[in-house]
Amino acid sequence: MPLTLPPEALPIGAARWAELPSSFGALPKLTSWLAGLSHEDQRAQSMEQLWGYVHHQGDVYDLTLWTVPHVLLATEHATDDTDLLAYAASVLAQREESAVPESLVAWCVDNVVRLAIERLGSGGLSDEDVVALLAASVVDVDRALAGRLMLEFTGEELMGTCPVCESEIYIWPTDEGLAVSSDDPVGKPSALRPVDAPASLTTPSIRRLVSLAALAGAPRIAEQLQCLDARTPCPDCGETVHLLEAVRAY
Ligand SMILES: [Zn+2]
């Protein structure tokens with residue numbers, strides 16, 4: 001069913017856009033960026049401006065949230081909508097209280113999850129795109145994890161904090177799954193210790209991520225993500241910690 005802009009959304013021509021604060025004050029070109037989203041030849045540039053000025057370094061203002069329905073609507077015309085979905089999911093994952101109607105936010109969440117799941121099933125995606133879409137696919141049930149995956153998972157370590165001794169845990173993706181270390185593995189790769197995959201997945205968001213990664217034809221990412229549900233010795237104090245809990249505690 002084609003997406004249509006919900007009645008609570010702020011239309012592109014609304015005068016109110018000019019009154020909404022951003023990190024950069026007034027953004028006189030904002031409405032032209034939004035209009036550019038529906039044109040194939042302007043979309044990439046519009047998205048660059050939105051990432052740079054409206055969702056700068058993860059900032060989420062009311063203004064930022066108001067842009068999301070328009071970005072989602074643009075997926076209707078886009079041949080490659082991964083960046084659009086990543087933007088929408090990143091804003092929704094990092095949102096705080098706002099004056100934007102909850103019903104509109106809920107519409108955005110429902111659609112970003114649905115579109116990300118559809119896209120993951122369509123194949124032909126890079127690992128980076130798979131991770132961005134996976135993060136988007138759990139923005140309804142696990143915003144904290146969605147945000148962390150989006151920012152840190154692709155080709156980087158994921159940081160955790162041991163809930164027992166409170167030391168930092170470096171969590172690294174490997175070809176077989178994940179490995180942990182109490183020191184930065186860049187300087188000390190020998191300190192990395194592989195994490196045993198859990199016998200079963202107990203966290204619903206991890207279960208969803210693992211089955212969608214498999215659906216997307218990304219078995220290595222599925223193996224890495226399932227290890228987030230593992231209980232493994234803290235590399236510092238040796239107490240058993242649930243890796244996802246350590247990621248949340250960071
Ligand atoms: Zn510890």
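**Close-up 1. Ala-88 and its contacts in the predicted model.** Setting aside residues up to four places off in sequence, Ala-88 is in contact with Val-68, Val-71, Leu-72, Cys-108 and Val-112. This is a predicted model, so read every view here with that in mind. Ala-88 also turns up in the largest nonpolar core, which has 80 residues; Ala-88, Ala-89, Val-112, Ala-136 and Ala-213 are the ones that touch the most other members. Helix α4 (residues 82-93) supplies the largest share of this core, nine residues. Domain 1 (15-151) and domain 2 (157-249) each put in at least three residues. As a bit of background, nonpolar side chains in soluble globular proteins tend to be buried together.

**Close-up 2. Helix α3 packed on helix α4.** The axes of α3 and α4 sit 9 Å apart, at an angle of about 155°. That angle is over 145 degrees, so α3 counts as roughly antiparallel to α4. On the α3 side, the contact is made by Thr-64, Leu-65, Val-68, Val-71, Leu-72 and Ala-74. Facing them from α4 are Leu-84, Tyr-87, Ala-88, Val-91 and Leu-92. As for handedness, α3 and α4 make a left-handed crossing.

**Close-up 3. Helix α3 again, this time with α5.** Here α3 (residues 62-74) and α5 have axes that come within 10 Å and cross at roughly 40°. The pair is therefore oblique, and the crossing is left-handed. Look for Leu-65, Val-68, Pro-69 and Leu-72 on α3. They meet Leu-104, Val-105, Cys-108, Asn-111 and Val-112 on α5.

**Close-up 4. Ala-106, out on helix α5.** Ala-106 belongs to α5, which covers residues 102-120. Is Ala-106 buried or exposed? It has 12 other C-beta atoms within 10 Å, so Ala-106 is exposed; the cut-off for that label is 12 or fewer. For a sense of scale, pick out His-56 as well: Ala-106 and His-56 are 50 residues apart in sequence, and their C-alpha atoms are 23 Å apart in space.

**Close-up 5. Where domain 1 touches domain 2.** The chain splits into domain 1 (15-151) and domain 2 (157-249). Their C-alpha centres lie 28 Å apart. Domain 1 brings 16 residues to the contact and domain 2 brings 14 residues. Which elements give two or more residues to the domain 1 side? They are α5, α6 (127-137) and α7 (143-153). Of these, α6 gives the most, with five residues.

**Close-up 6. Helices α8 and α9, packed against each other.** Helix α8 (residues 204-215) and helix α9 (residues 219-226) pack with their axes 7 Å apart and an angle of about 170°. That is why α8 and α9 count as roughly antiparallel. The contact uses Ile-206, Leu-209, Val-210, Ala-213 and Ala-214 of α8. Their partners on α9 are Pro-219, Ile-221, Ala-222, Leu-225 and Gln-226. The way α8 passes α9 is a left-handed crossing.

**Close-up 7. Cys-162 in the loop between β1 and β2.** This loop runs between β1 (158-161) and β2 (168-173), and Cys-162 is found in it. With 23 C-beta neighbours inside 10 Å, Cys-162 counts as buried. Leaving out residues up to four places away in sequence, Cys-162 touches Ser-167, Ile-169, Cys-234, Asp-236, Cys-237, Val-241 and Ala-246. Ala-199 is 37 residues away along the chain, and its C-alpha atom is 22 Å from that of Cys-162. Glu-166 is found in the loop between β1 and β2 too. Glu-166, though, is exposed, with 11 other C-beta atoms within 10 Å.

**Close-up 8. Two residues with positive phi, Gln-57 and Glu-166.** Most residues other than glycine have a negative phi. Gln-57, not a glycine, has a positive phi of about 50°. Glu-166 isn't a glycine either, and has a positive phi of about 65°. Gln-57 lies in the loop between α2 (40-54) and α3. With 7 other C-beta atoms within 10 Å, Gln-57 is exposed.

How values were computed: Residues are numbered from 1 along each chain as its sequence is written. This is a predicted model: local features need pLDDT of at least 70, side-chain atom pairs count only at pLDDT 80 or more; totals for chains, interfaces and linings use all residues. Helices (H or I, at least four residues) and strands (E, at least two) are DSSP runs, numbered from the N terminus. A residue is buried if 20 or more other C-beta atoms lie within 10 Å of its own, exposed if 12 or fewer, and partly exposed in between; C-beta atoms are placed from the backbone. A nonpolar core is a set of buried Ala, Val, Leu, Ile, Met, Phe, Trp, Tyr and Cys residues joined through C-beta atoms within 7 Å. Domain bounds come from an automatic or database domain assignment. Two residues are in contact if their C-beta atoms, placed from the backbone, lie within 7 Å. Axes are lines fitted to C-alpha atoms, for helices over the stretch in contact, and angles run from 0 to 180 degrees between N-to-C directions. Angles under 35 degrees count as roughly parallel, over 145 as roughly antiparallel, 65 to 115 as roughly perpendicular and the rest as oblique. A crossing is left-handed if the near helix is turned anticlockwise from the far one by less than a right angle, and right-handed if clockwise.
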